[in-house]
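Hi,

Here is the structure I promised to pass on.

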Amino acid sequence: MKFLKGTKIYSIFTGTCPVCQSESMYTTTNPYKLSSTLKMRERCSHCHTKYKIEPSFFYGAMYVSYPVGLIFAGFAFFLCYLIFGLSLISTYAIIVVEMVLVLPIVLRLSRNIWINFFMHYGQALKGKQRT
């Protein structure tokens, strides 16, 4: 995935700093460590970008999590119902189980997408230091 470095896609899927992409924004890289799934560093140690731009900044990620969750559910529906021909009840049960299992990933992806709306690669490196 190194060939995508410098793009928003790289930052979104790796959870790295959206400005320098040198380190993870999260204190733990494993999203399934539930006690620290959403714990983020205050700043990037490389470019000093502040991740929490304002109080309650990541509440906006809730609006992003809905379409991200729909993508996961839609993919499961496509596989189960349309490809494998399972019944609607079985498909629904699989989607519910899948959504519970991928919740930590959806939460992190939503935060990564949300912060990438407001920050751009190389922004702080060009002299625009975030405070």
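Searching the whole of this predicted model turns up 6 aromatic pairs. One of them is Phe77 with Tyr81, a stacked pair with 5.1 Å centre to centre and 20° between the planes. These two sit 4 residues apart in helix α2, so about one helical turn separates them. Phe77 is partly exposed at 31% relative accessibility, and Tyr81 is partly exposed too, at 33%.

Trp114 and Phe117 make an edge-to-face pair, with 5.9 Å between centres and 85° between planes. Both belong to helix α3 (residues 88-118), 3 residues apart, again about one turn. Trp114 is buried at 18% relative accessible area, whereas Phe117 is exposed at 52%. The two also belong to one aromatic cluster with Phe57, Phe58 and Phe118.

The charged end of Arg111 is over Phe58, 4.5 Å from the ring centre, and that of Arg108 is over Tyr26, at 4.1 Å.

Arg108 is also in contact with Ser36, as are Thr27 and Thr28 (leaving aside neighbours within four places in sequence). Ser36 lies in the loop between α1 (8-14) and α2 (61-83), yet it is buried, at 7% relative accessibility. Its side chain makes a polar contact of 3.1 Å with the side chain of Thr28.

Then the cysteines: how many disulfides are there? The count is 0. For Cys44, the closest cysteine sulfur is in Cys20, 3.5 Å away, so it is too far for a bond. Cys44 is buried at 1%, and Cys80 is buried at 8%.

Cheers

How values were computed:
Residues numbered from 1 in each chain as written. Predicted model: local features only at pLDDT ≥ 70, side-chain atom pairs only at ≥ 80, totals over all residues. Heavy atoms only, no water. Buried < 20%, exposed > 50% of the residue type's maximum accessible area, 1.4 Å probe, protein only. Polar contact = N/O pair within 3.5 Å; in protein donor to acceptor, adjacent residues only side chain to side chain. Contact = heavy atoms within 4.5 Å. Disulfide = S-S within 2.5 Å. Phe/Tyr/Trp six-rings, centres within 6.5 Å; stacked < 30°, edge-to-face > 60°. Lys NZ or Arg CZ within 6 Å of the ring centre and 35° of its normal.
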